[in-house]
Each structure stands twice: as C-alpha cells, then as structure tokens.
Amino acid sequence: MQVFRGIPEHAAQASVLTIGNFDGVHRGHQALLKLLTDTARARQLPAVVLTFEPHPREYFSPADAPARLASLREKLLLLAASGVDRVHVCRFDARFAALTADQFIDGILVRGLDVRHLIIGDDFRFGARRLGDFAMLQARGPAAGFNVEAMHTLDIGGERASSSAVREALAEGDLEHAARLLGRPYSIAGRVVRGDQIGRKLGFPTANIQMKHRKPALAGVFAVSVEGLGDAPVAGVANIGVRPSVTSAGKPTLEVNLFDWNRDCYDAHLRVHFLKKLRDETKFASLDALKAQIAKDAVDARAWFANNPIRP
C-alpha cells in the first residue's frame, strides 16, 4: 500500500475513493472498505482512502477530543490489511478547515485525486461549516466526472457500529462488546522503551510500550496476549493508566508483565491484545501493598488463561 502526505495538484491516475477518519477500523469501516476494494477491482482502478491527521475534532477542540482507538501507524496497517491500494493523509489545519465544499470537490476530488466513483458513509459532511453533504455530491458528481454511493451504517445486534460505540465499550471495560464491534480484540501497538524499573524492583519486570502523546481509550489491569516476540503470542498481564501508586506525573503508560519470558525486548515493536479486564487502576498506600496486588493480578490472569488459552 502506498501512503502519501497531502493531495497532489493534479492526479496521475483516476481512483475509486472513500473518505473518513477510520479510527479503529471497526466492522462498519471494514464493510465500507470491502465495498471500496470490490468496486475498484471491478473498475480496474486503485482503491484509495483519504484520511485526516489530526482528527478534525482534535483540531477544533483538543481538550474535548475523544481518545483515539488507533495511532496513525496502526490505522495504516489496518487499512493495508483491508486491501487498500493508496492512502492520502491530509493535514487538517486552518487552511484545510477553511475550504468551501465547492473547493473540496474541485481541488481535491476532481483535480487532486481524479475520482471516478466515491463511496462515503451516510452521515458524511465536508467543507467549511460542514455545508457539503451527500446530496451536494450527487448534484455535482455527473458534471465533475464521478458517481457517488452512500454506504449505510452497519448494524450489529441492533447497535450501530461506530468508533464512539467502541470507545464506550472500552471505557466500561466490556472487552467482549468492543471485540464484537471491531471484529477482533482491541489492541495497542508500540515500541518497547526503557522505563523507571519499578516493576523489576518489585519482582515483576515489565515491557513498557511507548504511548507518546496518546490518550488511551481504556484504563485498568488486563489479561493480554502480546505479538512480536516470536512465532507465538505470549500471555501476560498489563496495566494501562497513570500509575498513581508510584508517580504523580499523570502521564499514561502501558506496562506488560510477560509470563514465562526472561529476555530483554527493548526496541521491539509489540502489539498488545486486551482480552479480559481484571480490575480498575488503584492507588495503594505502599509499594508492598502494590507488590501483593500485582502478584494477585498475575494469578488471576493465569487462571483466566487456563480456561481461555491463546490461539496462535
């Protein structure tokens, strides 16, 4: 899959396009991407995704923006796995936000991407003040050289598949619900970095996954499986949160105690799958109390894995 930053002045090739944030690439997104790739193959054109960085809500109201389900890197990996040929990551800034709906159609869809068929979600809005909609695209499309098709919302057991619904399930610790909406267990990927060695001092060494500036969509202690350490996933227990018992920094961290793993894994790029919530994050009165709870968490996680073995 090819990845480009921004939109060219003039397209080198026609395309079949969809547009969206695709946060988490849940089952609704997957259905849309399947329609995109099927249509593109039938027309013998590339399947192209236009997405935004940052998320528009992060630009307009950063303090109130929702937690991201996936980093940009993770999103691109998921789009590639869905069969997308090309992704344009468009910087959402003041200049982009000021584009009128007509400028968006003429400059981006027609000149920049030479769209021949456009597939969008049924609630898609675009242009300054969100004045552009499906009806406008239908009206402008024939003269501009493209068709437009709406992908209706995917219903899963009476519930709309959406990134918001996934976030709500994760915030409530309902990982099974989140997995139904995603079509897979929720996961976070990142590089292992050096931490403050608190876990090692307590007798439970951890792999510290780099979170950068990310606000996590879930918090607490979880039974997890970890990919990236070999041919088979490794079971473990993870804490994601601000570690109130050992620091007052308030910075989110993801730490994983890998079961039956005694080797360093610094700089490895791991994917942590969250399988079962064990408890909420808690502030303990002493490191001894924290150590005792970590030991209990490991026992609880191992007991859960005994009844729910990891599948390769």
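I looked up Asp280 and found that Asp280 forms a salt bridge with Lys277, with 2.6 Å between the closest N and O atoms. I count a salt bridge when a side-chain nitrogen of Lys or Arg is within 4 Å of a carboxyl oxygen of Asp or Glu. Lys277 is buried, at a relative accessible area of 19%. Buried stands for under 20% relative accessible area, exposed for over 50%, and partly exposed for the range in between (1.4 Å probe, protein chains only).

I note that this is a predicted model, where local features need pLDDT of at least 70, side-chain atom pairs count only at pLDDT 80 or more, and totals for chains, interfaces and linings use all residues. I number residues from 1 along each chain as its sequence is written, and side-chain values use heavy atoms, with hydrogens and water left out.

I then took the count, which is 15 salt bridges by this rule.

Next I checked Arg68, whose side chain meets that of Glu53 in a salt bridge (2.9 Å, N to O). Arg68 sits in the loop between helix H2 (56–60) and helix H3 (72–81) and Glu53 in strand S3 (residues 47–53), so the pair ties together parts 15 residues apart in sequence. Helices (H or I, at least four residues) and strands (E, at least two) are DSSP runs, numbered from the N terminus. I found Glu53 buried, with a relative accessible area of 18%.

Last I looked at Arg271 and Glu74, whose side chains meet in a salt bridge (3.5 Å, N to O). Arg271 is in strand S14 (residues 269–279) and Glu74 in helix H3, so this pair ties together parts 197 residues apart in sequence. Both Arg271 and Glu74 are buried.
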